[in-house]
Amino acid sequence: MKSMRVLLVVFGILAIFGLMIPSGAMAVREIKIGVIYPLTGGAAAAGRELRAGAELAAKIANNAMSGIDMTMAGNAGIKSLGSAKIKLIFKDHQGNPTLGADLAKKLILDDKVVGILGCYHSSVTKTVSAVCEQYGVPMINGSSTSPALTKRGFKWFWRTTPHDKWFTKDLFEFLKGLTEGKVRGVKAVPKKEIINLASACENTEWGSHVSTLIKEFAKEYGFKARKSLLYSAKSIDLSSEVRSLKAARPDVMLFASYTSDAILMVTTLKAQEVHPKIIWGQDSGFEKPEFRSTLGDNIIGILTRSVFLPQVVQLKKVAREVNALYKAKTGNDLGGASARAFTGLQAWVYILEKSGSTKPADIQRTANSIYIPGKELVVPWKGIKFSTTGEELGQNVLGSGLIGQYQKQKDGKVGLEIVYPFDVSSANMIFPFPAY
Amino acid sequence: MDILISSIAAGLLIGMVLAFMSMGLTIIFGVMEIVNFAHGEFLMIGMYTGLLTAQATGIDPLLTLPVAALVGFLLGIICYYGFIKFLMRGPMVAQLLGTFGLMLFLRNLALLFFGPDDRAIHHGILVGKSFNLGMGVIVPATKVAAAGLSVVTFLAVWLLMNRSKIGKALTATSLNAQGARYMGIPTEWMNALAWGIGGASATIAGALLVNFWSVNPFVGILFTMIAFAIVALGGFGSVPGTFLAGLVVGLITEVPGFWDFFTYTFNWNWMADVPMTSLKYMWVYLTYFIIMMVRPRGLFGWKR
C-alpha cells in the first residue's frame with residue numbers, strides 16, 4: 001500500500017513538471033512548406049534546378065553549418081520556434097495553371113502546410129496565389145517575372161525576384177550610363193549615336209508586355225523607338241521581320257524571344273547583314289545554353305539581361321560558399337533558377353524566424369515588415385524588403401537585374417560577363433557590336 | 001525600292017521552300033485521297049535524321065539528304081502497310097482520325113527518344129552564309145539551296161507523274177483504283193509507293209530545314225498548318241499547283257515588307273505603327289479562307 005502511494009506521488013510530480021515544460025521544447029516540430037515547381041514536362045530542366053536550390057536552402061537552415069556567412073547557417077532549424085525543422089513538400093505542376101491550383105488546395109487542406117513557395121511559370125503562380133489568397137495562406141514567389149502578379153492587391157503574396165519592368169528599366173539605366181561614360185572600358189558615347197531603337201518581341205503576353213515597357217521607358221529616357229514589332233515565336237521564317245527592323249535603321253536592337261526564335265532571329269540578322277551598335281535580349285532565349293552552342297562566336301558582343309551569372313560567385317563571398325555546396329550536390333554551378341529558388345526559401349526561413357509563430361496572421365505581419373540585408377543573399381541584390389503600399393503590393397523593392405555581354409573568356413569559350421550594374425562589372429564592354 | 005525588291009526576292013525564295021515542304025502532303029492526297037495529319041511529324045523526323053546523321057558521322061548536313069530520303073521512304077511504306085492499309089477499309093472520318101493518331105504517336109515517340117529540348121545544327125558548308133546580290137537583296141545560302149532543290153524535286157516529281165509508267169499507274173490508281181486493278185496495276189503497291197515518295201519528300205525537306213531551324217518533337221505542327229494552307233490553295237493533289245501556291249504564300253508572308261516599302265517611300269508615319277508583322281500569317285489564312293469559299297477545289301485542283 002505504501003509503495004502504491006509513493007508511486008502515485010512520483011507520477012503526480014512528473015505530471016506537474018510535464019505541464020510546466022513548454023510544448024515547443026518537448027519535441028522538435030516540423031514546419032511544412034509546400035513547394036510547387038514544374039518537375040516534369042517542357043520546363044523540367046529548370047524544375048530540377050529550382051528544386052535543388054530550395055532543398056539546399058532548407059538543408060542550410062536545418063543544420064548548423066560553419067563556413068557560410070549567413071544567419072540561418074548558424075542555427076539548426078528555426079530558433080524562435082524551438083529549433084523546428086523546415087520540411088519541404090514538393091509538387092509538380094507540369095506548367096499547368098489548373099493543376100497548380102489543385103495542388104495548392106491539396107497542400108493547404110490535406111498536408112496543412114504553413115505556406116507555399118513557387119511556381120516559376122507566371123501563369124501557374126497566378127492561379128496558385130489566388131488559391132492561397134482564398135484560404136489566407138502565405139505564399140512567397142521567387143522566380144516569376146510577370147509584373148501583373150504584384151498588381152492584384154493580394155495580401156498573402158510576396159515576390160522576392162525583380163520583374164520584367166525592373167529589368168527593362170535596367171536596360172535604359174545602362175544606356176543612360178553608356179552616354180555618361182559609366183560603362184567599364186567604354187568612353188562616354190554621344191546620345192545621338194544610340195538614340196534610335198527598334199524592338200522585336202514575341203507576341204504572347206510576356207513579349208507584348210516587354211514591347212510596351214520598352215516604348216514607355218524609351219519616352220521617359222529620351223530615346224526614339226523607331227520600330228516596335230511583335231512576331232510569332234512559332235514563325236517558320238523571320239526574314240520579313242528582320243528586314244522591317246533593318247529598314248528603321250536602328251542604333252540599338254532589342255528583343256524578347258524564346259529559344260528557337262532567338263536563334264532564328266540572330267541567324268537572320270547575320271544573313272541580312274544587320275549591324276546595329278547594340279543588340280540586347282530580354283533573358284529567356286538569349287540566355288539558353290542552346291543559343292550559345294548553336295550560334296558560337298556569332299553572339300560575341302550581344303547583351304542579355306540576367307538574374308544571376310557565374311561571375312557573381314567570384315564577386316560575392318556568400319555566393320561562393322553556397323555555390324560550392326550546390327556544386328557538390330548537383331555537379332553544376334548556381335544559375336538564375338536555382339539561386340532565386342534558394343533565395344525564395346531563405347526569405348521563408350527569415351520570416352518564420354522573426355515571427356516566431358506559424359500563424360498566418362503573424363507571418364503576414366512579419367513579411368510586411370522584414371528587411372533582409374543584401375550581404376545575407378547569394379543574389380546580387382541590395383536585400384529583401386516588400387512593398388506594402390502603392391500599386392505593387394508584396395514586391396521586393398531591393399532586387400535588381402544584371403546585364404551580361406557574351407565575350408570570349410579565358411578558357412576560349414563564349415560566356416557572359418557582367419556589364420551592369422556598373423559597380424559589379426566583370427569585364428570591359430565590347431562596344432560597338434562587332435561583326436558576326 | 002530596295003525594300004520592295006528584297007521583299008519580292010525573299011518571298012519567292014521562302015515560297016519555294018514552303019512548297020517543297022508541302023509536296024508530300026499533295027502527293028499522298030493526290031493518289032489516295034487521304035489527308036495526312038502526320039505530315040509535319042514526317043518533316044520533324046527528317047530534321048532529326050539530318051541532325052543526328054550529321055552529328056554522328058561529322059559530315060555536312062547537306063550530305064545527309066539521301067539518308068533522310070531513305071528513312072522517309074521506308075517510314076512511308078511501313079506506315080502504309082502497318083496502318084493506313086487497314087484504315088482505308090473504314091469511312092473517311094476514320095482515315096482522318098487515324099492519321100491524326102499517327103501524328104500524336106510519332107510526336108510522342110520523338111519525345112521519348114529525343115526529349116523536349118531544342119536542338120540545332122552548329123556547323124555546315126552553308127550554315128550562316130549569305131550572298132549579297134546588290135539592290136538590298138541578301139539571300140541566305142541555306143535557303144537558296146533549299147529553294148534550288150525544291151525546283152529540282154518538283155520537276156522530278158512532275159516528270160515521274162506525267163512521263164513515266166509508274167506515274168501513269170499512280171494516276172490511274174488515283175482516278176479509279178478498281179479499274180486500275182482490272183488493268184493489272186498493283187494498286188496496293190502504288191498506294192504504298194505514294195506514301196513512300198510522300199514520306200521521302202517530307203523528310204528531305206526536313207533535313208534541309210534543320211540547316212536553319214532548330215528541332216524539337218513539337219516542331220511539326222508549325223509546318224503542318226502552313227502546308228495545309230498551301231496544298232488547299234494550290235488544289236489538293238496538284239503538284240504544279242502546290243509549287244505555285246507555295247510562291248503565292250511566300251509572297252503573302254512578305255506583306256510587311258511591302259508595307260514598309262510604302263511607309264518609307266511616302267514617309268507615311270502612321271503606317272509604321274500598324275503591327276503588320278504580328279498579322280503576317282493572318283493574310284495567308286485569310287487568302288486560304290477566301291479561296292475555300294469561292295473555289296473549294298483550290299487554284300489548280302482537278303479532282304471533283
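Predicted model: local features only at pLDDT ≥ 70, side-chain atom pairs only at ≥ 80, totals over all residues.
Q: Which residue in S5(A) is the bridge partner of A:Met139?
A: Start with the strands: S4 (residues 139-141) and S5 of chain A run parallel and are joined by three bridges. Strands here are DSSP runs of E with at least two residues, helices are runs of H or I with at least four, and both are numbered from the N terminus. In S5(A), A:Met139 is partnered by A:Phe157.

Q: Which strands are the edge strands of the five-stranded sheet in chain A?
A: The sheet is open, its pairing is parallel, and the order is S2-S1-S3-S4-S5; two strands pair if DSSP finds at least two bridges between them. From one strand to the next, the twist averages 25°. Pairing on one side only are S2 (85-92) and S5 (157-159).

Q: In what order do the strands of the seven-stranded sheet in chain A come?
A: This sheet is open too, with mixed pairing. At its edges, pairing on one side only, are S7 (224-231) and S14 (414-420). The order is S7-S6-S8-S9-S10-S13-S14.

Q: Which residue in S9(A) stands opposite A:Leu254?
A: S8 (residues 252-256) and S9 (residues 278-281) of chain A run parallel, with four bridges joining them. Opposite A:Leu254 stands A:Trp280.

Q: What angle does helix H9 of chain A make with S7(A)?
A: H9 (residues 239-247) packs on the sheet and touches S6 (196-202), S7 and S8 of chain A. Angles run from 0 to 180 degrees between N-to-C directions, and axes are lines fitted to C-alpha atoms, for helices over the stretch in contact. Between H9 and S7(A), the angle is about 175°.

Q: How are H2(B) and H4(B) oriented to each other?
A: The axes of H2 (residues 39-57) and H4 (residues 92-114) of chain B come within 9 Å and cross at roughly 25°. Angles under 35 degrees count as roughly parallel, over 145 as roughly antiparallel, 65 to 115 as roughly perpendicular and the rest as oblique. So H2(B) and H4(B) are roughly parallel.

Q: How many charged residues are in the contact of H2(B) with H4(B)?
A: Residues are in contact if their C-beta atoms, placed from the backbone, lie within 7 Å. Among those meeting here are B:Met44 in H2(B) and B:Leu106 in H4(B). Ala, Val, Leu, Ile, Met, Phe, Trp, Tyr, Cys and Pro count as nonpolar, Asp, Glu, Lys and Arg as charged, and the others, Gly among them, as polar. The contact has seven nonpolar residues, no polar ones, and charged residues numbering two.

Q: Which helix gives the most to the side of chain A that touches chain B?
A: Here 30 residues of chain A are in contact with 32 residues of chain B. S7, H9, H10 (259-271) and H11 (289-295) of chain A each supply at least two residues of that side. The most, seven residues, come from H10(A).

Q: How many strands does chain B have?
A: Along its principal axes, the C-alpha trace of chain B spans about 65 × 50 × 35 Å. Chain B has 13 helices, and its strands number two.

Definitions and conventions
Residues numbered from 1 in each chain as written. Chains lettered and ligands numbered in written order. Contact = placed C-beta atoms within 7 Å.
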